[in-house]
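Visitor: Could you walk me through this one? I have not looked at it before.

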Amino acid sequence: MSDAHAHSVAFVRESEIPPAPPPVAEAGAVRWVRANLFSGPFNTIMTLLGILVIYYLLSGLIPWILNGTWEGADIRDCREQLQGNGGGCFAVIAERWPQLLFGFQYPDYLRWRPTMAFVLLFLAVPPALFVMFLPRWTLIATAVYPFIAYWLIWGGTILAPIFVAVGVAAGYLVFQKIEKLRGFVPGMGAGIVTAFVIWWIGGFITAAMPGFLALETVESRSMGGFMLNMILGVVCVSLSIPMGILLALGRQSRLPIVKGFCVVFIEFVRGVPLITLLFVANVVLAYFLPPNANFDLIIRVIIMITMFSAAYIAEVIRGGLAALPKGQYEAGDSLGLDYAQSMRLIILPQALKISIPGIVNVAVGLFKDTTLVSVISMFDLVGMIRGPILSSTDWAGVYWELWAAACVLFFVVCYGISQYSQWLERQLRTDHR
């Protein structure tokens, strides 16, 4: 500033003014409410209608929960305690909670076994879901868990799950050896034959020693409640993902027989309702078994649900494979990798990352579809509510409390799966967008 101009100014501030906070209406929650809830006439009307709907729902739901009672031996005791105050009769949940979880036929004194299997699930799942944070050797717990869980829940001699595990391990080792020498398909065939041979021999040994480290046997018909939904959901999702990967790769195979089989399988299974496959597992499949054959019902249902979900997962993964540019396939060829190495190291990791939302969508739908087993007289959580509990004279007329409990149980599991998938997508995001 020149000296002449400085004399014409009355005051010149020599220190900087400290920054002032923005106006209250332009920052924080107030700005968010104005921008998102009342940004225009239409948005304002929709916000007010939403508030009215929420108020209407909560005005009925909150008194129903707060005025409810958890005490009472039957519906009559419950109503005497409520005195017509509009509260819920949650005593039915407290009184029938063991049946909601384990069914009404699982022996009371053996309920510690599925409970322990459920607790061990939290030790077996983290090594597979959080493999980037845990050492590789912890995957042993994940690999061993299915056989321990089967022994705990169904009982019987421990030789049966041991021979199944040995057959799987031997088949995998043979597959690795043959795959390096002869290729992927011969290796897969040799591994399957090896596993079946060990299982066939193990069947004779298990039949000869039925009491070796044996737990009391529980029949599949005795399984029920939310335990049955968890068994079907966990087992079918775990089996359908690798089966879906194989079907997706087989559909893109250059071998006509392999491609044709995969295409026919996927299209046929996707064209049939799941409830039809469940009836096949329950009734029709028995006509194709040898006379006096005792093929476990839950295993039959697991096979059908796994086939159904694997067909859908195969199409999801096929979409991920098709989304990859051709250069990714050419990169594997330029590095001198064979088909299995190229798929394992380059193609499948990227395709599976793209397919995570679709796979999770199928998994959540599959877990909810496990309630369809109630139509073939399997008393899962929904079957227990519709059947033994509501048909009893003690709790006839109690509906909302039981269905609300079922909603909470399924919501916890499905929401947990959804949140894990979103977290996994963030962990695998490498494009730095």
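This is a predicted model: local features need pLDDT of at least 70, side-chain atom pairs count only at pLDDT 80 or more; totals for chains, interfaces and linings use all residues.

Visitor: How many aromatic pairs does the structure hold?

Guide: The structure holds 17 aromatic pairs, where rings of Phe, Tyr and Trp (its six-membered ring) pair if their centres lie within 6.5 Å, and planes under 30 degrees apart count as stacked, over 60 as edge-to-face and the rest as tilted. One of them is the stacked pair of Trp70 and Phe90, at 5.1 Å centre to centre with 20° between the planes.

Visitor: Is Trp70 buried or exposed?

Guide: Trp70 is exposed, with a relative accessible area of 53%, whereas Phe90 is buried at 7%; buried means under 20% relative accessible area, exposed over 50%, and partly exposed in between (1.4 Å probe, protein chains only).

Visitor: And what about Phe226 and Phe367, how are they paired?

Guide: Phe226 and Phe367 form an edge-to-face pair, 6.2 Å centre to centre with 85° between the planes, and both residues are buried.

Visitor: New topic: which ring does the charged end of Arg270 sit over?

Guide: The charged end of Arg270 sits over the ring of Tyr312, 5.6 Å from its centre, and this label requires NZ of Lys or CZ of Arg within 6 Å of the ring centre and within 35 degrees of the ring normal.

Visitor: Which residues form one aromatic cluster?

Guide: Phe130, Phe133, Tyr420 and Trp423 form one.

Definitions and conventions: Residues are numbered from 1 along each chain as its sequence is written. Side-chain values use heavy atoms; hydrogens and water are left out.
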